[in-house]
Amino acid sequence: MRRVSRIAAAGVATAALAVSATACGGTSSDAAGSKNDGKSKGVAIAYDVGGKGDQSFNDAATAGMDKAAKDLKIGKKAVEPNDGESDADKAQRLTQLAKQGYNPVIGVGYAYAPAVKEVSAKFPKVTFGIVDDETVKAKNVADLVFSEQEASYLAGVTAAKTTKSKTVGFVGGVDVPLIHKFEAGFTQGVKDTNPKVKVVKQYLTEKAEDGGFTSPDKGKTAAQGQIEDGADVVYHAAGLSGQGVIEAAAAKKVWAIGVDSDQYKQDALAKYKKYILTSATKDVAGSVYNLAKSVVDGNAEGGVVRADLKSGGVALADSNPEFKKNADLQAALKKAEEGITSGKIKVKATP
């Protein structure tokens, strides 16, 4: 049973990116050109809220970029977002990267959809990627999406088999359709495993700009409340805010389930790792790497590129020995994974 996502195989980021602020955030020492003829200077990524160092979503994209730069011997560049920025700011950022000769140019996060749609039309010879959105339809845009609900279902099975209090928690960063997929899969996995287990749920904010993905303090407070309500396993889909969820779980010596990257292995979370049971991963690193490679190989194509449990694009990490040695849990997960990949289990994408 394959449970370790290819994020781990892609490796962690090994090169620090030199950061200097520009008008629209990020790193830059390159002079912008007037056009891009499609010849690649390397791979560029524009971070989602939380930026580099979130130990989750953005860091997975960084790992893919770093691996591509090393293996394919190409340049790389990453730019940070600014607080409260507009779609126009994002479009300016992508335009600068395209003008500077980067190809592909990848927006990390669904918030880049309007900007990718606008800028990709101006640079038809450049391949653009967008992670977690499939609304942009263009020949030079790759929509890099995931079946997060499937890995979340396995997280739900894990929670239901692990809880002693018969109460588990879910903390979502922002109340949006993408995070609803995590909630839906998790809840279904719990209820299919043990209908008597209660799932308490909380979203941190309604809008991303209010800090739902970037506020560990909000995550910590939400998790503390769920633990006080009896939850002894808490799953988060909250980006950087999830660090607070994990901290709260560790403080009360209950289990946390991480997201996106294998958070048991994250250096910044090392002091809490004993309480990180597993993580529902998605191979953002692999998606970034594969798109960069397709440009280098000359066969880049637009359209939806979906990663799911069957392809190994989403998975459940098994780094924690406590997780691996639970034979009853492992048997339940194997059965659930076989059911999902065969189509026998249909995992809902909405609560």
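Which residue of β9 does Val233 stand opposite? I began my notes with this pair and found that Val233 stands opposite Trp255 in β9. The model I am reading is a predicted one, and I keep that in mind for each entry below.

**Entry 1: the chain as a whole**

I looked up the overall make-up and found that the secondary structure of the protein chain comes to 11 helices and 12 strands. The chain has 351 residues, and buried residues make up 58% of them. I also looked at the contacts with a separation of 6 or more, and residues 24 or more positions apart account for 71% of these.

**Entry 2: the mixed sheet**

From the opening pair I went on to the strands around it, and I noted that 3 bridges join strand β8 (residues 233-237) to β9, the two running parallel. Strand β9 (residues 255-260) is mostly covered, since 5 of its 6 residues are buried. Both strands belong to an open sheet of 6 strands in the order β7-β6-β8-β9-β10-β12, with mixed pairing. At the edges I found β7 (198-205) and β12, each of which pairs on one side only. The twist in this sheet averages 15 degrees from one strand to the next.

I then looked for an antiparallel pair in this sheet and found one in β10 (residues 276-282) and β12, which are joined by 3 bridges. Here Thr281 stands opposite Ala315 in β12.

**Entry 3: the parallel sheet**

I next turned to another open sheet, in which 6 strands follow the order β2-β1-β3-β4-β5-β11 and the pairing is parallel. Its edges are β2 (75-79) and β11 (303-307), and because each has a single partner strand, one side of each is left without a neighbour in the sheet. Neighbouring strands of this sheet are turned by 20 degrees against each other on average, with direction ignored. As a reminder to myself, strands of a sheet pair through backbone hydrogen bonds, either parallel or antiparallel.

**Entry 4: backbone values worth a second look**

Most residues other than glycine have a negative phi, and most peptide bonds are trans. With this in mind I listed some departures.

Asp132 has a positive phi of about 75 degrees although it is not a glycine, and it lies in the loop between β4 and β5. Is Asp132 buried or exposed? Its relative accessibility is 11%, so Asp132 counts as buried, the cut-off being under 20%.

Lys73 likewise has a positive phi, of about 55 degrees, although it is not a glycine, and its place is in the loop between α2 and β2. Lys73 has a relative accessible area of 73% and is therefore exposed, for which the value must be over 50%.

I also found a cis peptide bond, which joins Asn103 and Pro104 with an omega of about 10 degrees. Pro104 lies in the loop between α3 (87-99) and β3 (105-108).

**Entry 5: a buried loop residue**

I looked up Asn320, which sits in the loop between β12 (314-316) and α10 (321-324). Asn320 is buried, with a relative accessible area of 4%. Leaving aside residues up to four places away in sequence, I found that Asn320 touches Trp255, Tyr264, Lys273, Lys274, Ile276 and Leu277. One of these, Trp255, is the residue that stands opposite Val233 in the pair I opened with.

**Entry 6: cavities**

By kind of residue, the lining of the largest cavity divides into 10 nonpolar, 4 polar and 5 charged.

Methods
Residues are numbered from 1 along each chain as its sequence is written. This is a predicted model: local features need pLDDT of at least 70, side-chain atom pairs count only at pLDDT 80 or more; totals for chains, interfaces and linings use all residues. Side-chain values use heavy atoms; hydrogens and water are left out. Two strands pair if DSSP finds at least two bridges between them. Helices (H or I, at least four residues) and strands (E, at least two) are DSSP runs, numbered from the N terminus. Axes are lines fitted to C-alpha atoms, for helices over the stretch in contact, and angles run from 0 to 180 degrees between N-to-C directions. Ala, Val, Leu, Ile, Met, Phe, Trp, Tyr, Cys and Pro count as nonpolar, Asp, Glu, Lys and Arg as charged, and the others, Gly among them, as polar. Buried means under 20% relative accessible area, exposed over 50%, partly exposed in between (1.4 Å probe, protein chains only). Contact means heavy atoms within 4.5 Å.
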